[in-house]
Amino acid sequence: MKRHFRSHHLFLLMISILLLLSLTSCAVTNSENQSGHAKGNSSATDNNASTSSENTETSESTTETDDGNFSTSPLYSKYRLTYTDATGYSLPYCLYLPKKEVFPEDSEKTSYPLVLFLHGAGERGTDNELQNNDTGIVPRLTDETFYAAHPCILVVPQCPADAQWVNTPWTKGSYFVEETPISPALSAASELLDDICAQYPADTSRLYITGVSMGGYGAWDLLLRPPDLFAGAIILCGAGDPSQAAAIAHIPLRLFHGAKDTEVPVSGSREMYQALLDAGANDVQYQEYPDIGHWIWLNAWDEPGLLDWLFSVSK
């Protein structure tokens, strides 16, 4: 009986030891598993943090790299901006600036000629891009070969669709400035020009204006407000105020018009040209295309030496 009891007791003791060992083993395994999961979560957290950090760095890098620049040119940057004048009138515009790494700036010595381009009626709107198209001077001035030789600040505002640079009927040709207040759009463009000159290294002795059609009207108008601002101008198929020609007779000018123009009468350019000659202008040239209507800009912009001439004049 005692032997049986001892055997039974020993058996129970062994079962207890085995259960204890089993529980201990499970606890250790569970602990290791939990430790492993914790390490795995930590690793995932680190990976997520790393990914988040990389994404942040990429985003910051993209912002820094892009910087609002819409140009891939190695020579200049292009910015699409909006100017709001003192009256609250808003004018979209594109601004082209020489890249500092290509054209190093010494703020006391380096300045650039500035060109203000006023587009025609077909480029009005709010997309802030149409005014840069091939009908204008922009593709010529930003041609890399040309720009390398003539780096400049290029300002290209966009007139709103419901506005004009000059509030006069285009089909009537010449008009009187005294009877035509400066339009809100042209006033904003004038203020914008002042603002650009104040912010960037513009050579104020080499400010140029050019315009086509509706922009030709704007160029003639802005030449008179005031008449001592611009060093030179190229004006295509526009019209101005011949009675004011004496005020701008000192400015070098190149004028172009098509003899068969039915949108802006050729008389607009003829009358301005003659009035300038009568006022004693000695650096004004006028070219009239006898077999072309309104669309003369591609002919004019591509006249040999025209743009080189513009950059050669100064006050």
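Predicted model: local features only at pLDDT ≥ 70, side-chain atom pairs only at ≥ 80, totals over all residues.
1. Aromatic pairs overall. Ten aromatic pairs are found when the whole structure is searched. Two of them are taken up below, and since a pair of aromatic rings is described by the distance of the centres and the angle of the planes, both values are given in each case.

2. F117 and W301. The ring centres of F117 and W301 lie 6.2 Å apart with the planes at 75°, and because planes over 60 degrees apart count as edge-to-face, the pair falls into that class.

3. F256 and Y289. Here the ring centres are 6.4 Å apart and the planes stand at 15°, so the pair formed by F256 and Y289 is stacked, the limit for that class being planes under 30 degrees apart. This pair, too, links distant parts of the chain: F256 is in strand 7 (residues 253-258) and Y289 in strand 8 (residues 284-289), 33 residues apart. Both F256 and Y289 are buried.

4. Aromatic cluster. One aromatic cluster is formed by Y76, Y96, F103 and Y147.

5. Charges over rings. R80 lies over the face of F70, at a distance of 4.1 Å from the ring centre, while the charged end of R254 is placed over the ring of W309, 4.0 Å from the centre of that ring.

6. Cis peptide bond. The peptide bond that runs from R225 to P226 is cis, with omega near -5°. As to its setting, P226 is found in the loop between helix 5 (214-223) and strand 6 (232-236).

7. Positive phi at N128. Although N128 is not a glycine, its phi is positive, at about 55°. N128 is located in the loop between strand 3 and helix 2 (138-141), and with a relative accessible area of 6% this residue is buried, because the cut-off for that class is under 20%.

8. Positive phi at S213. S213, which is not a glycine either, has a positive phi of about 60°. The loop that holds S213 lies between strand 5 (202-212) and helix 5, and S213 is buried, its relative accessible area being 11%.

How values were computed. Residues numbered from 1 in each chain as written. Heavy atoms only, no water. Phe/Tyr/Trp six-rings, centres within 6.5 Å; stacked < 30°, edge-to-face > 60°. Helix = DSSP H or I, 4+ residues; strand = E, 2+ residues; numbered from the N terminus. Buried < 20%, exposed > 50% of the residue type's maximum accessible area, 1.4 Å probe, protein only. Lys NZ or Arg CZ within 6 Å of the ring centre and 35° of its normal.
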